[in-house]
Amino acid sequence: LKHMATPHRTYNLKDVDMLVTASTVIESAIANKKLLQTKRSVWADPFFDNLVAKIENATQTFLGVDSAKDMREATQAIDVIQKKAITDLAECKIQLTEDFKKDKVRRDELLTQLGFTKYHKDAQKGDQEGLINLLYQFKKNLTQKVRDEIVAKGTDPSILDAIIGYADTLKNADVSQESLKGLRKDITAAGIKEFNDIYDEVISISKIAANFFKDKPTVKEQFSFSKVAKALNAKKKAATPATQAK
């Protein structure tokens, strides 16, 4: 068996990303199965449920990770926190900028001190690391004195509290996502064959389902394998290099 040639992967994603993407696409298929099953009787129950089980089994057997679903949920949890944090940070920044515009030196000092100058652009682009850095710098440098000064100018203190809260929540979610990705280095030939089978099957489902929903763009997008993979990857791209280094 050792001399058995390692099969070529039919996908150009990391194994874990392919499985999480496949799992996400099939969840969308299950959510829309009423229409899908009227179009293709071979997709009648338990077709999609069996495929979910196949993905979960491959994830556990060959990657040593409990569940592609857990990883997807961890990624989605990060996404929710990121969106809230970015919204609140933007609200805080605009108020700071306007409230202190007559004292440009103090304004610039606060924006630098609280992490906006260095990290805000990256955070807005979806860079997880940039956002974590911004939140931690904000939390560290928002002393009682600075806080009172900002609040006195008109910013609601609850938004400052919320931003401080995101720092730990996002860090914890990021750590749980990383630990879920504790992958085995050597994937066997049997593993790659199984992954290829899953990918080929899910890609076919994606293409057919996307065509069925061609008049509903938002649903159609849920069946674009590349778009789903890209969206999932954007949410965790900052964490990936650290994982590879381990």
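Which residues form one aromatic cluster with Trp43? Phe47, Phe48 and Phe212 do. The legends below take this predicted model view by view; local features need pLDDT of at least 70, side-chain atom pairs count only at pLDDT 80 or more, and totals for chains, interfaces and linings use all residues. Residues are numbered from 1 along each chain as its sequence is written, and side-chain values use heavy atoms, with hydrogens and water left out.

**View 1. The chain holds 13 helices and zero strands.**
Helices (H or I, at least four residues) and strands (E, at least two) are DSSP runs, numbered from the N terminus. Of the 246 residues, 43% are buried. Buried means under 20% relative accessible area, exposed over 50%, and partly exposed in between (1.4 Å probe, protein chains only). Among contacts with a separation of 6 or more, 74% join residues 24 or more positions apart. Contact means heavy atoms within 4.5 Å.

**View 2. Helix α3 (residues 47-63) meets helix α10 (residues 189-212).**
The two axes come within 10 Å and cross at roughly 150°. That makes α3 roughly antiparallel to α10. Axes are lines fitted to C-alpha atoms, for helices over the stretch in contact, and angles run from 0 to 180 degrees between N-to-C directions. Angles under 35 degrees count as roughly parallel, over 145 as roughly antiparallel, 65 to 115 as roughly perpendicular and the rest as oblique. The crossing of α3 past α10 is left-handed. A crossing is left-handed if the near helix is turned anticlockwise from the far one by less than a right angle, and right-handed if clockwise. From α3, the contact residues include Phe47, Leu51, Ile55 and Phe62. From α10, they include Phe195, Ile198, Val202 and Ile205. The contact of α3 with α10 counts 12 nonpolar, one polar and four charged residues. Ala, Val, Leu, Ile, Met, Phe, Trp, Tyr, Cys and Pro count as nonpolar, Asp, Glu, Lys and Arg as charged, and the others, Gly among them, as polar.

**View 3. Ile198 sits in helix α10.**
Ile198 counts as buried, at 0% relative accessibility. Beyond its neighbours within four places in sequence, Ile198 contacts Met18, Leu19, Ala22, Lys54, Ile55 and Ala58. The C-alpha atoms of Ile198 and Ala58 are 8.9 Å apart, while 140 residues separate the two along the chain.

**View 4. Helices α1 and α3 cross at roughly 165°.**
Their axes come within 10 Å. The two helices are therefore roughly antiparallel to each other. The crossing of α1 past α3 is left-handed. Val16, Leu19, Ala22 and Ile26 are among the α1 residues in this contact. On the α3 side, Phe48, Leu51, Val52 and Ile55 are among the partners. By class, the contact of α1 with α3 has 11 nonpolar, two polar and four charged residues.

**View 5. Tyr199 pairs with two aromatic rings, those of Tyr11 and Phe225.**
The structure holds nine aromatic pairs. Rings of Phe, Tyr and Trp (its six-membered ring) pair if their centres lie within 6.5 Å; planes under 30 degrees apart count as stacked, over 60 as edge-to-face and the rest as tilted. The ring centres of Tyr11 and Tyr199 are 5.5 Å apart with planes at 55°, so this pair is tilted. Tyr11 lies in the segment before α1 (15-31), and Tyr199, 188 residues apart from it, lies in helix α10. Tyr11 is buried at 7% relative accessibility. Tyr199 is also buried, with a relative accessible area of 17%. The rings of Tyr199 and Phe225 have centres 5.2 Å apart and planes at 90°, so they are edge-to-face. Phe225 lies in helix α12 (residues 225-236) and Tyr199 in helix α10, so the pair ties together parts 26 residues apart in sequence. Phe225 is buried, as is Tyr199.

**View 6. Ser206 lies in helix α10.**
Ser206 is buried, with a relative accessible area of 2%. Not counting residues up to four places away in sequence, Ser206 touches Val25, Phe223 and Phe225.

**View 7. The peptide bond from Asp45 to Pro46 is cis.**
Its omega is near 5°. Pro46 belongs to the loop between α2 (33-39) and α3.
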